[in-house]
Amino acid sequence: MGGLRSVWLVLLGLLSGCASYGVIQNAPLGSPPVAKSYSLKGWNQGARPNEVQINLAFSGGGTRAAAFSYGVLKALRDAEVPILGRKRRLLDEVDAITSVSGGSFTAAYYGLHGDRAFEDFETVFLKRDVERHLLDSLLNPLNWFGSAGRTEWAIDYYQEHVFRGATFADMVREDRPLIVINTSDLGYGVRFSFLQEYFNLLCSELTSFPVARAVAASSAVPVVFNPVVVENYPECGSAPPAWLQELRARSAGDARLTEMVTGLESYFDKEKRKYAHFVDGGITDNLGLRAMFDFIEAAGGPKQFIAKAGRTPPRHLVVIVVNASTDPEPVMDLSNRQPSLLETVNAMSDIQLHRYNADTLQLMKQSIADWAKKISTPDRPISAYFIELSFRGVAPERRAFFNNIPTSFALSNEQVDALVAAGAELLHANPEFRRLLADIAR
């Protein structure tokens with residue numbers, strides 16, 4: 001993790017013999033009963049017009065990703081467009097934000113606080129040396145003999161200093177977009193979203209679950225952090241619900257859908273799956289985009305998804321993916337020196353990451369265009385816009401600066417300011433975004 005990565009790994013190696021156990025904080029369903037769940041089903045657009053629907057996807061990448069995505073939020077806040085004769089901020093047209101890892105800090109904070117995030121998120125998180133605090137916890141001898149594990153120290157910090165004890169009950173707001181925080185199930189490779197529909201698979205209640213714990217699960221890099229553990233309660237039985245059985249029937253011949261269904265069905269093997277271990281969401285989807293695809297496919301397609309949600313198709317369907325992955329120049333090829341273990345692991349991870357990202361981007365770009373065609377009607381044509389923002393869009397003379405910003409929770413103020421500014425600049429310069437603004441203004 002940046003300049004401290006090697007130190008972390010050495011210290012973790014020294015402590016690897018200490019057994020630790022996950023702290024369970026997810027409650028069974030119905031304890032206590034809730035008035036409204038945090039779910040796709042309960043998702044409410046409020047009173048806003050449904051002319052423009054914007055979905056954001058925030059990638060992983062530590063504070064680099066958090067700052068880059070924060071810059072995009074600020075740009076959407078400042079962009080006003082005419083909708084049905086009134087000026088409206090594009091930020092108010094955001095329906096959902098899906099996120100992984102570092103991007104989950106920005107998504108969750110905005111979901112909790114709305115515009116207040118523009119007042120204090122930089123001081124609360126972006127410009128704090130979070131990594132130093134976590135390393136201090138690791139070096140504290142009082143922590144060496146406990147059984148909670150390293151991730152619990154991070155959760156305690158996030159709870160106290162970033163999310164201040166908030167739970168998903170605090171995220172139930174009609175004036176905010178749906179925030180979909182994503183993690184990876186280490187045991188079965190399932191992409192798991194912190195929504196009640198997914199917690200139902202665990203026979204568990206989401207509203208009382210701490211937001212800090214969900215964000216920690218989304219950003220828990222394996223080895224550096226322990227998994228976040230949740231209990232898979234048996235009270236709901238071992239038979240998958242009707243919707244999952246229907247999905248299994250529809251998955252025949254579709255490899256992607258079959259893999260998703262098989263993973264979700266695994267939670268009903270209550271004997272073998274008494275617990276689930278959640279780690280960095282970037283392992284199963286570093287862009288935060290796959291959740292959108294899964295939701296639509298699970299519903300049976302865009303028409304069925306809209307019908308189940310009781311909505312009217314928007315005239316402008318927009319997906320903005322904020323991709324904070326980097327392309328640093330490799331230095332190993334300058335010498336015949338054999339690369340270190342860390343360099344080798346990082347190179348392998350980067351190769352897999354970029355290949356998987358490319359596949360996801362291609363899949364989503366085509367899918368969104370297809371979805372728009374399927375929900376269009378002669379009297380209400382739907383236009384689709386797929387907007388990818390990445391450091392590849394930065395001017396060549398500045399690109400090296402961004403590509404060398406580490407995946408860390410300890411960036412300089414200069415780096416944070418540059419990332420925030422880049423988010424806004426790249427959005428305004430994007431041709432698809434300019435097309436969107438022109439189409440709305442007609």
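Why does N55 count as buried? N55 has a relative accessible area of 9%, and buried means under 20%, with exposed over 50% and partly exposed in between (1.4 Å probe, protein chains only). The model is predicted: local features need pLDDT of at least 70, side-chain atom pairs count only at pLDDT 80 or more, and totals for chains, interfaces and linings use all residues. Residues are numbered from 1 along each chain as its sequence is written, and side-chain values use heavy atoms, without hydrogens and water.

**N55**
- N55 lies in strand β2, residues 52-58 (strands are DSSP runs of E, at least two residues, and helices of H or I, at least four, numbered from the N terminus).
- Leaving aside residues up to four places away in sequence, N55 touches D95, A96, M292, L317, V318, V319 and I320 (contact: heavy atoms within 4.5 Å).

**Helices α2 and α3**
- Helix α2 (residues 62-78) packs on helix α3 (residues 102-113) at about 40°, with axes 6 Å apart (axes are lines fitted to C-alpha atoms over the stretch in contact, and angles run from 0 to 180 degrees between N-to-C directions).
- The pair is therefore oblique, the class left after under 35 degrees (roughly parallel), over 145 (roughly antiparallel) and 65 to 115 (roughly perpendicular).
- G62, A65, A66, S69, Y70 and L73 of α2 meet G102, G103, T106 and Y110 of α3.

**Nonpolar core**
- The largest nonpolar core has 128 residues, and L76, Y158, F163, F168, F194, L289 and I320 have the most contacts inside it (a core is a set of buried Ala, Val, Leu, Ile, Met, Phe, Trp, Tyr and Cys residues joined through side-chain atoms within 4.5 Å).
- Helix α2 gives the most to this core, with 9 residues.
- Beyond four places in sequence, the residues touching F194 include Y38, F168, I181 and F278.
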